[in-house]
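Reader: I would like to go through this model with you and ask, for each label, on what grounds it is given.

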Amino acid sequence: MDASATTPFSTLIRTASHEQHTEAENSSFMSDMLGGRLGVAAYRRYTEQLWFVYRALESASQALSADPVAGPFIRPELARTAHLERDLAHLGGSGWRAELRPLPSTAAYAARIEECTRAWPAGYVAHHYTRYLGDLSGGQIIRGTAEKTWGFERKGDGVRFYVFDGIGNPAAFKREYRELLDALPVDELEKQRVVEECRRAFALNTAVFGELGQEFPLSA
Ligand code: HEM
């Protein structure tokens with residue numbers, strides 16, 4: 001029997017994206033941001049990109065909530081759009097929305113999420129996993145750095161995106177999330193496609209970091 005038939009899907013998807021996870025983590029933008037070497041303008045620009053991504057993930061969540069494949073993943077305590085909007089109002093003032101522009105890579109990322117949302121619920125799960133499980137994990141490291149580097153109040157305006165008030169026990173939540181992945185009601189071939197979509201989701205994230213890195217080179 002080949003390994004994919006016996007390995008839990010949650011392990012498969014994590015292992016398959018491991019290399020790209022390292023690549024995203026080590027992108028110059030992320031490492032400069034986590035190293036405290038970038039100004040708050042870079043953090044604001046990054047947060048703006050996240051708004052487009054989460055709007056794409058969350059604007060159709062009600063329609064998807066009854067879907068047998070994507071529906072079980074949709075949980076109100078994960079929703080980030082309202083938190084991002086509060087952070088952006090803090091970072092950019094009340095006019096933040098008028099100035100909001102997606103980078104080309106962000107627009108492409110959001111468009112792909114929207115495509116999956118409309119036509120391929122299992123593909124949507126790949127995007128859901130890539131963002132929300134990441135936010136519950138590495139996102140907490142980014143929050144700590146942002147608070148320290150730019151002086152945001154702990155878990156306050158500016159970093160609310162990273163605060164999951166409705167999730168008392170993130171480790172237990174992630175465990176349950178992995179159980180949902182393991183029970184995904186699709187066949188093996190479809191699981192392979194979901195893994196591929198997860199790789200694509202990581203690549204889309206890395207492309208956004210690449211453009212942000214060009215906009216905020218350390219030498220500037
Ligand atoms: C510098 C930035 C990042 C750091 C420091 C970081 C760190 C981490 C850590 C510590 C974990 C926990 C691993 C575990 O529970 O075993 C994790 C998991 C994860 N991260 Fe990241 N991460 C970063 C960026 C990203 C990015 C950009 C993405 C994708 C958009 C991402 C997606 C994920 C996912 C999906 C998981 C869950 C893996 C699983 O258990 O299935 N991370 N990350």
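Reader: What makes the residues of the shell around the ligand nonpolar, polar or charged, and how do they divide?

Author: Ala, Val, Leu, Ile, Met, Phe, Trp, Tyr, Cys and Pro count as nonpolar, Asp, Glu, Lys and Arg as charged, and the others, Gly among them, as polar; on that basis the shell divides into seven nonpolar, six polar and three charged residues. This is a predicted model, in which local features need pLDDT of at least 70 and side-chain atom pairs count only at pLDDT 80 or more, while totals for chains, interfaces and linings use all residues. Residues are numbered from 1 along each chain as its sequence is written.

Reader: Which element gives the most to the shell around the ligand?

Author: α9 does, with five residues.

Reader: Why is α9 called mostly covered?

Author: A residue is buried if 20 or more other C-beta atoms, placed from the backbone, lie within 10 Å of its own, and 12 of the 16 residues of α9 are buried, including Tyr124, His127, His128 and Arg131.

Reader: What makes α5 and α8 roughly parallel?

Author: Angles under 35 degrees count as roughly parallel, and helix α5 (residues 40-58) packs against helix α8 (residues 104-119) at an angle of about 10°, with their axes 8 Å apart; the two helices are therefore roughly parallel to each other.

Reader: Which residues of α5 and α8 meet?

Author: With contact taken as C-beta atoms, placed from the backbone, within 7 Å, Gln49, Phe52, Val53, Ala56 and Leu57 in α5 meet Thr106, Tyr109, Ala110, Ile113 and Glu114 in α8. The residues of this contact divide into seven nonpolar, two polar and one charged.

Note on methods: Helix = DSSP H or I, 4+ residues; strand = E, 2+ residues; numbered from the N terminus. Axes fitted to C-alpha atoms, helices over the stretch in contact; angles between N-to-C directions. Parallel < 35°, antiparallel > 145°, perpendicular 65-115°, else oblique. Contact = placed C-beta atoms within 7 Å.
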